[in-house]
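Keep the structure in view as you read.

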Amino acid sequence: MSHPTPGRPLSQTDRTRHQRLREQGSLDRSDLDAILKAGFVCHLGVTVDSNLLVIPTVYGTDGATLYFHGSVASRSLVASPDASVCVTVTHVDGLVLARSVFEHGVNYRSAMIFGIPRLVTDPEEKWTGLRCLTEQATPGQWDYARQPSRKELAATSLLALSLDEASVKIRSGAPDDGDTSDAERGLWAGVLPLQAHWGDLEPDPALSAHIKTPPHLANRQGVSAFGS
Ligand SMILES: Cc1cc2nc3c(=O)[nH]c(=O)nc-3n(C[C@H](O)[C@H](O)[C@H](O)COP(=O)(O)OP(=O)(O)OC[C@H]3O[C@@H](n4cnc5c(N)ncnc54)[C@H](O)[C@@H]3O)c2cc1C
């Protein structure tokens with residue numbers, strides 16, 4: 001497993017080099033890290049039987065590797081170990097409402113990762129990777145819930161994708177047409193921010209009354225999500 005050095009700029013390969021809207025590109029590895037840590041759902045693009053599939057799936061990262069998992073029967077995961085994949089993670093931060101429709105846009109943080117994933121067969125790494133994946137979505141839940149049985153582990157594929165070949169784009173701030181002739185039209189322009197928060201817990205109706213809410217879940221209510 002390769003470990004990208006923190007602080008080392010992101011790679012610029014034929015696939016990751018920004019062409020258009022370059023000013024939104026970042027080569028700062030800490031931006032990649034922050035985008036990946038802020039989320040837990042990615043879109044996995046992979047070719048299966050000559051068909052391109054883009055599958056939404058949960059992931060976890062340790063800063064060097066992106067882990068994703070699924071049933072051993074999952075077609076996208078079966079194809080992935082031999083196939084190049086492209087994974088994207090996107091956070092929408094707001095709508096950019098310009099004077100002209102042409103200049104409308106989105107404030108966002110997004111990452112794309114390219115590579116050929118590795119099927120994790122080492123039991124220790126599989127355990128650590130699955131823990132990482134669970135903890136990324138819900139910190140504290142791995143130790144709270146029952147952990148996977150031998151049978152459940154055997155039914156689960158875990159794939160590891162290196163973060164060596166990755167790109168980042170970030171847009172923030174006001175519309176770009178404030179200094180154009182459209183600014184004289186007297187139209188409102190600006191940003192409509194989008195903020196995500198975790199809501200109130202909804203206990204399972206089957207829950208016995210004596211079961212208390214664990215602090216790691218109670219404390220999550222109202223907390224902002226996706227770094228928004
Ligand atoms: C929520 C959202 C909405 C968007 N809506 C539009 C839209 O409506 N129209 C539009 O033109 N663009 C939009 N973009 C920007 C879009 O993702 C591309 O960056 C842009 O269109 C340039 O595409 P391209 O194929 O010319 O990229 P190129 O610059 O040719 O891409 C070269 C390489 O740059 C990297 N790269 C490109 N885009 C991204 C990205 N978003 N994140 C990380 N790495 C990237 C990849 O490694 C890619 O292989 C949107 C982005 C987001 C996140």
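**The shell around the ligand**

Q: Which element gives the most to the shell around the ligand?
A: β6 does, with 5 residues. Strands such as this one are DSSP runs of E with at least two residues, helices are runs of H or I with at least four, and both are numbered from the N terminus. The model is predicted: local features need pLDDT of at least 70, side-chain atom pairs count only at pLDDT 80 or more, and totals for chains, interfaces and linings use all residues. Residues are numbered from 1 along each chain as its sequence is written.

Q: What makes a residue part of the shell around the ligand?
A: A residue is near a molecule if its C-beta atom, placed from the backbone, lies within 6 Å of it. Here 16 residues surround the ligand. The closest are Q19, R20, S110, S167 and K169. β5 (85-97), β6 (105-115) and β9 (166-171) are the elements that give two or more residues to this shell.

Q: How many residues of each class are in the shell around the ligand?
A: There are 7 nonpolar, 6 polar and 3 charged residues. Ala, Val, Leu, Ile, Met, Phe, Trp, Tyr, Cys and Pro count as nonpolar; Asp, Glu, Lys and Arg count as charged; the others, Gly among them, are polar.

**The core**

Q: What makes a residue buried, and what share of the chain is buried?
A: Buried means that 20 or more other C-beta atoms lie within 10 Å of its own; exposed means 12 or fewer, and partly exposed is in between, with C-beta atoms placed from the backbone. Buried residues make up 23% of the 228 residues in the chain.

Q: Which residues touch the most other members of the largest nonpolar core?
A: L32, L66, Y67, A111 and I113 do, out of 30 residues. A nonpolar core is a set of buried Ala, Val, Leu, Ile, Met, Phe, Trp, Tyr and Cys residues joined through C-beta atoms within 7 Å.

Q: Which residues is I113 in contact with, leaving aside neighbours within four places in sequence?
A: They are L66, V87, L161, L163, E165 and A166. Contact means C-beta atoms, placed from the backbone, within 7 Å.

**Two domains**

Q: How is the chain divided?
A: Into domain 1 (22-194) and domain 2 (198-228). These bounds come from an automatic or database domain assignment. The C-alpha centres of the two domains lie 24 Å apart.

Q: How many residues of domain 1 are in contact with domain 2?
A: 10 residues of domain 1 are in contact with 5 residues of domain 2. α1 (29-38), β5 and α4 (141-144) each supply at least two residues of the domain 1 side.

Terms used. Two residues are in contact if their C-beta atoms, placed from the backbone, lie within 7 Å.
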